Structures are given as structure tokens and as C-alpha cells.
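Thanks for coming. Please have a look at the structure on the screen, and I will then go through some of its features.

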Amino acid sequence: MALPIIGQDLNEGKTYLDNKQYHKAVEYFSHILESAPNNVAALNGLAEGQHRSGDPMTGIRNYQKSLSLNPTQPDVWISIGNIHYYHNLFSEAEEAYEMAVQLDPTFPRAHNNLASVLKEQQKMERAIHHFEKAVELDPNYGLACRNLGDIYLRDGNSTKALYWLKKAVAVDPENMRGQYWLGKAYYISEKYEKARDQYIRILSFKPGLHSVHHDLGLVFYGMRHYKEAIEHVNKAIRANHDLPLYYLTLSRIYSGLKNENMAMAILDSALNIDRSLSEIWLAKGNIHKSSERYEEALKDYKIASAYDSQNWKGLYKQGVVLFYLGRLDEALSKLETALSFDSDQSGINHFLGLVFLAKENSPAALSFLTEASHQNPDNSDIWFHLGQAQSHINETEKSKLSFERSLEISPTNSEALYALGQTYKSLNQNEKAKETLKKFKKISDFEKSKRTLIKQIVVQPSDHLLKEELARLYESVGDFKSSAEIWQQAMYLGNPIAEKELKRIGEMLK
């Protein structure tokens with residue numbers, strides 16, 4: 001390597017850095033500094049070369065020496081911040097980026113980097129402010145737009161996530177990460193066709209991205225296109241067979257098809273990868289629970305909690321099946337422990353209310369069910385059970401409103417229909433009582449037939465005629481959405497009339 005003559009420009013050293021020849025860059029800039037120790041540009045070049053070649057702390061010392069010679073260098077503070085950030089020293093990175101912003105408040109990258117480290121520390125309001133400032137200063141700053149989209153995506157705010165991710169993709173269409181996150185935003189917004197098109201667009205450029213195949217499988221499952229869902233999740237597994245998440249998704253699809261044997265076999269494959277993953281045991285327990293095998297479900301939920309004792313889900317699930325088994329004191333203990341880990345879960349409060357109802361402690365039941373109704377106001381069962389608690393303490397008008405709210409959400413909730421009919425009777429609203437109890441009789445007969453058919457389908461999951469019968473049963477009570485879903489399953493299984501019936505049901509749903 002030809003070493004520089006003192007006084008010549010530093011372009012050759014910069015070329016070494018650009019070409020990732022960091023050791024040559026260190027040698028080059030060190031030679032300059034032997035004769036010109038206060039050359040700020042050479043100090044910065046040396047510091048970058050040292051950082052990139054695996055000596056970040058020495059790099060920071062040389063950046064600091066550069067700043068002692070010229071304190072007004074926001075770029076240098078960003079470089080120092082980046083070193084701290086890459087080593088997860090977030091407080092130190094934040095201080096460095098703050099210095100860059102103070103030195104030049106109009107520097108978009110300083111705001112973006114400061115926002116990034118604030119985001120890592122869950123300081124979301126300040127992070128959003130600085131990301132937005134970066135975009136205000138540079139409307140074409142795709143990375144800042146993408147980062148804003150990611151924040152809102154993680155927060156479940158699909159409207160704002162879509163806004164920022166569309167903007168990110170518009171200004172930087174070649175960035176696959178932005179394209180991918182935009183697909184996720186469409187998915188959580190249940191805009192499945194747009195999510196599908198987005199993921200297919202990515203795969204047209206990079207067909208081997210297993211994470212995209214997995215998420216495309218989820219989209220097709222959301223659309224109830226079972227064949228395509230299974231196909232893409234299997235592609236993800238073939239491309240990377242060591243990720244348990246993919247097996248969990250595939251098992252979930254087969255569970256939706258009531259093919260329990262296949263769903264369980266897939267979860268067993270996941271256990272071969274990692275037996276300590278609590279989510280796998282929870283999924284196994286859920287399959288047992290859905291078929292009312294509560295003792296088997298309890299065993300799996302206990303294993304899940306053994307592997308992850310701080311996870312509220314395993315304790316909550318144990319409490320649920322213990323309630324169904326009539327072991328109320330044990331259920332109460334598990335649910336109270338689960339609540340101590342996460343008091344914001346409506347399901348925990350719901351089942352605590354159920355336990356106290358069963359223990360004939362109506363005031364306690366009312367307290368927990370009221371809290372659950374605030375946390376999840378769109379759950380029909382919570383409103384029904386809240387109505388029960390209110391009825392037990394003779395708050396008849398309130399219970400009537402709760403039962404009515406339950407039926408607004410789910411008109412086929414037979415328990416709520418019966419309870420509301422009896423409430424109308426007690427209020428001498430006899431015509432309403434008669435009409436409601438007539439609906440109850442129809443729905444009650446429907447639910448008995450439905451349970452019988454589902455049990456048969458679990459035993460014979462590939463029988464498309466059973467699916468056909470179930471689809472027509474749903475249609476008989478006006479539940480066209482569920483009917484359409486079952487026809488889609490029948491079509492996947494090869495039912496010859498399913499496609500025609502789906503079109504007919506689709507017209508009714510318009």
C-alpha cells in the first residue's frame with residue numbers, strides 16, 4: 001500500500017473505508033496522524049476504521065479527540081452514538097444523539113437515530129416526535145417513515161401503521177423490509193387481499209424468503225383459503241425447519257379444519273425442535289380443551305407453566321379447565337396468580353367472575369365481570385355472565401341491559417336468549433318473553449345439532465359431506481358467515497358443489 005504524502009487529500013483512505021478495507025484504512029490514517037496529530041478528518045477516518053475492524057472503544061477515544069479539536073461536528077456525535085447503539089448501550093447512545101440534535105436541529109439523521117434509541121428504551125412518545133421531525137425535515141426519509149410504521153404496527157394501530165408504511169414504500173420502493181411491514185399492516189387490518197398482493201410482490205423479487213411464505217400462509221388462512229395457506233406455511237418450514245412458530249401456525253390451520261390428529265402431530269414435530277417452548281404446550285392443551293378433554297389439557301397447561309412460570313397464559317388456562325372440572329378453589333388460586341402477572345387480561349377477570357358465581361359470591365363475581373366488560377366490551381359471553389351476576393343481586397333492569405348487549409354482539413347466544421326471556425317474564429314483558437324464548441328453542445336445537453356434527457367431524461375430518469351438513473345448519477339460523485367458512489373447508493376437501501354454494505352465500509353476505 002502506498003502511504004500518503006503529508007498534505008495530500010484523504011480520498012484514498014475514504015476509499016478503503018468504502019471498500020470495507022478497514023485495516024488498510026487504519027494504517028493509512030495512522031500514518032497521516034504521525035506527522036499531523038491534530039488532523040480532524042484523519043482522526044475521524046481512523047476512528048471509523050478502528051470501529052469497523054473490531055476496536056470500537058479505541059474508535060470512540062479518537063472521535064472524542066476529534067471533538068476536543070472541533071466540538072461542532074454532529075456527524076461525529078452520531079458515529080459515537082452508533083457505536084453505543086450497536087453494543088446495546090442505549091443511555092450512552094441517547095446522550096450522543098442528543099448532542100448531534102443540539103448541534104444541528106435541522107439534521108434529519110440525528111433525529112432519526114435519536115428516535116431509534118428512544119424506541120429501544122420504550123420511550124415511544126419522544127421517539128414518535130423525533131421520527132416525525134426527521135420526516136418533516138426530509139419528506140423523502142424512507143427509513144424514518146418505516147420506523148414510524150413499525151411503532152404503530154407493534155402498538156396495533158393499523159391505520160397509522162398503514163399511513164407511514166405506504167409512505168415509506170412510496171419513497172423507497174426497493175426496501176424489502178418496508179414492503180414486508182406494509183404486508184403485515186394490511187394483515188392486522190384484515191385487508192387480506194392487499195396483504196396477499198403485497199407478499200406475492202415481495203416473493204416475485206425474493207422467492208426464498210421463508211418468513212414471507214409463512215405470513216402469506218397466515219393471510220390465506222385469514223381468507224379461509226386452506227390449500228394455499230397450508231402450501232405456503234409448508235414452504236416456510238422446508239426453507240427453515242428449525243422455527244417452532246411455523247409449526248404452530250400449521251397446527252392452527254389444521255385445528256381450524258378440526259383435524260386434531262394432524263394438528264397434534266405437527267406440534268409434536270415442534271417439540272422435537274424445542275421441548276421447553278411453552279407456546280407449544282399451550283397449543284396442545286387448547287386442542288384437548290376444545291374437545292372437552294380437560295384432564296389432558298390441564299397436564300399440558302401445567303407443563304407450559306413449568307417451562308415459563310412468569311407467563312400468565314399457562315396459569316390462566318389451568319384456571320379455566322379447573323373451573324370446568326368443578327375444582328373451584330384450585331381454579332381460583334391459579335386465576336388469582338395469573339391476575340397478579342397481568343391485571344389487564346379480560347379473560348382472567350371473566351373466569352374469576354365465573355368462579356365466584358359458582359361459589360355463590362355474587363358481589364365478587366359482579367366486580368370481576370364488570371372489569372372484564374370494560375376491558376373487552378365486544379365479548380358476548382362476558383355480558384351474559386355479567387347479567388347473571390346482576391340478576392343474582394336483583395338488579396333486574398341492569399341484567400336485562402347486559403343480556404340484550406350480549407345478544408347484540410352474538411344473536412345466537414342461546415344462554416343469553418334464555419336468560420333474557422326469563423328476565424322479560426319477571427318484568428311482565430310477556431310478548432317479548434314469548435318471542436325471545438321461541439328464538440332460544442330454535443337456537444338451542446341448532447347448538448345440539450352443531451355439537452353432534454362437530455364431534456363427528458373431529459373423528460372424520462376429511463368427510464366433506466359432514467362439512468356440507470354443518471354449513472347448511474349454520475345457514476338455517478342465519479349465520480351466513482360461519483356457513484361460508486364451512487363451505488370453504490368443504491371445498492378444500494373436494495366437495496363438488498362447495499364453490500357454487502360459496503358464491504350463493506356470498507351474495508347473501510353482500
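A pocket here is an open set of points on a 1 Å grid over the protein atoms alone, with protein on both sides within 12 Å along at least five of seven lines. Grid points are joined across faces, edges and corners, and the volume is the space filled by probe spheres set on the points.

Before I go on: this is a predicted model, where local features need pLDDT of at least 70, side-chain atom pairs count only at pLDDT 80 or more, and totals for chains, interfaces and linings use all residues. Residues are numbered from 1 along each chain as its sequence is written, and side-chain values use heavy atoms, with hydrogens and water left out.

Back to the second largest pocket. Its lining has 28 residues, and those nearest the centre are Arg-224, Lys-481, Ala-484, Glu-485 and Gln-488; a lining residue has an atom within 4 Å of a point. Which helix gives the most to this lining? Helix 28 does, with 8 residues. By class, the lining has 13 nonpolar, 6 polar and 9 charged residues. Nonpolar covers Ala, Val, Leu, Ile, Met, Phe, Trp, Tyr, Cys and Pro; charged covers Asp, Glu, Lys and Arg; the others, Gly among them, are polar.

Next, the cavities, meaning sets of points where a 1.4 Å probe fits but cannot get out. The count is 1 cavity of 30 Å³ or more, and the largest cavity has a volume of about 40 Å³. Gly-142, Arg-146, Ala-168, Val-169, Asp-172, Asn-175 and Gly-178 line the largest cavity. Helix 9 and helix 10 are the elements that give two or more residues to that lining.

Now a helix pair. Helix 15 and helix 17 pack at an angle of about 10°, with axes 11 Å apart. They are therefore roughly parallel, a term for angles under 35 degrees. Pro-244, Leu-248, Ser-251 and Ser-255 in helix 15 meet Glu-279, Ile-280, Ala-283 and Ile-287 in helix 17, where contact means heavy atoms within 4.5 Å.

Last, two loop residues. Glu-190, in the loop between helix 11 and helix 12, has a positive phi near 60° without being a glycine. Asn-428 is exposed, at 64%.

Conventions:
Axes are lines fitted to C-alpha atoms, for helices over the stretch in contact, and angles run from 0 to 180 degrees between N-to-C directions. Helices (H or I, at least four residues) and strands (E, at least two) are DSSP runs, numbered from the N terminus. Angles under 35 degrees count as roughly parallel, over 145 as roughly antiparallel, 65 to 115 as roughly perpendicular and the rest as oblique. Buried means under 20% relative accessible area, exposed over 50%, partly exposed in between (1.4 Å probe, protein chains only).
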